[in-house]
Amino acid sequence: MRISVNGNAREVSAPLTVAELVRGLGAGGADGRGVAVAVDAQVVPRSQWAQVQVTEGQRVEVLGAIQGG
Amino acid sequence: MLEIAGRRWGSRLIVGTGGFRSLEVMDRAIAAAGAEIVTVALRRVDVGTPGSLVEVLERAGVFLLPNTAGCYTAHDAVLTARMAREAFGTDWVKLEVIGDDRTLYPDATELLEAAETLVDDGFVVLPYTSDDPILARRLEEVGCAAVMPLGAPIGSGMGIRNPYNLAIIVEQAGVPVICDAGVGTASDAAIAMELGCDGVLMASAIAHAQDPVKMAQAMRGAVAAGRLAREAGRIPRRMHAEASTPEVGLPEYG
């Protein structure tokens with residue numbers, strides 16, 4: 001299926017949970033620590049990463065810490 | 001002690017982590033500043049180097065205060081704060097809602113709306129605001145844990161441009177006042193503290209100094225000195241001289 005990750009189109013195999021997506025991106029620390037995820041502008045709490053499925057056409061934002069004032 | 005939302009801090013200097021040329025310099029500058037709170041931002045993970053920054057800061061033992069830098073609307077700022085809560089496991093947020101990229105001045109109406117929403121959502125909200133005493137009061141009224149008026153535009157290094165406004169904000173505030181933005185050098189930080197601010201937040205003044213570690217040390221001293229001077233109570237300004245040596249006992253040489 002086709003989804004958008006941080007503005008880039010991506011072809012991924014379904015089904016895919018948020019946890020699997022984050023792991024696949026290698027984002028953040030061991031358990032994706034320091035990373036936050038929103039799917040279609042809805043924040044997905046870390047506690048739900050393993051349950052929430054990403055589906056065709058969804059827009060995923062994966063954010064992490066950068067230096068900032 | 002600086003107390004914000006029931007939590008006590010030994011340092012009154014908050015350091016922004018933006019602008020340092022390396023994580024190593026940032027790490028040493030934070031240590032030299034004696035800062036206990038540092039700000040961080042959130043961006044798409046493929047443009048940054050997630051992990052290492054947080055690791056360095058966690059090793060330094062500092063509290064990470066996420067900001068909402070780059071947000072122009074209440075909607076985006078609220079969403080960013082909620083993302084930061086997930087990423088950093090904290091409900092504290094430095095709330096920034098910017099009006100335009102030339103002045104980086106806060107958008108007052110969007111800021112107030114975002115502050116209200118986030119307070120209702122259980123956040124400890126520390127808003128970056130203009131030096132408008134009325135807006136500062138409104139932010140306090142909606143439940144912000146502190147107010148953070150600018151001394152001058154972000155990154156301008158112009159110092160405290162309107163000390164009278166800061167003094168009015170300090171005079172009326174029932175929450176800590178932290179001067180956020182505008183500081184260029186140590187005396188600016190001291191002035192903010194002498195005016196009665198409870199703390200100073202700065203990034204560029206340290207990060208872009210020729211020697212950031214040395215400047216961090218200077219800022220630490222300036223904040224401490226300014227605070228002491230405020231507590232000590234300065235002498236009033238006067239037009240004419242007043243001798244500090246008594247005239248009694250002056251000889252007459254004839």
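Predicted model: local features only at pLDDT ≥ 70, side-chain atom pairs only at ≥ 80, totals over all residues.
Now widen the selection to the strands themselves. Strand E7 of chain A, residues 59-67, runs antiparallel to E4(B), and five bridges join them.

Next, show everything where the chains touch. Chain B brings 29 residues to the contact and chain A brings 22 residues. On the chain B side, strand E4 (37-44), helix H2 (52-60) and helix H3 each supply at least two residues. Colour that side by residue type and you will find 16 nonpolar, eight polar and five charged residues.

The crossing is right-handed. To see the contact, select Ala74(B), Ala77(B), Val78(B) and Ala81(B) from H3(B), then Glu110(B), Glu113(B), Ala114(B), Thr117(B) and Leu118(B) from H4(B). Six of these residues are nonpolar, one is polar and two are charged.

For the last stop, go to Arg12(B), in the loop between strand E2 (7-9) and strand E3 (13-16) of chain B. Is Arg12(B) buried or exposed? Arg12(B) counts as buried because 26 other C-beta atoms lie within 10 Å, and the cut-off for buried is 20 or more. Leaving aside residues up to four places away in sequence, Arg12(B) touches Leu2(B), Asp198(B), Gly199(B), Val200(B), Val223(B) and Arg227(B). Draw a C-alpha to C-alpha distance to Arg227(B): 8.9 Å in space, although Arg12(B) and Arg227(B) are 215 residues apart in sequence.

Conventions
Residues numbered from 1 in each chain as written. Chains lettered and ligands numbered in written order. Left-handed = near helix turned anticlockwise from the far one by under 90°. Helix = DSSP H or I, 4+ residues; strand = E, 2+ residues; numbered from the N terminus. Contact = placed C-beta atoms within 7 Å. Nonpolar A, V, L, I, M, F, W, Y, C, P; charged D, E, K, R; others polar. Pairing = 2+ DSSP bridges. Buried ≥ 20, exposed ≤ 12 C-beta atoms within 10 Å, placed from the backbone.
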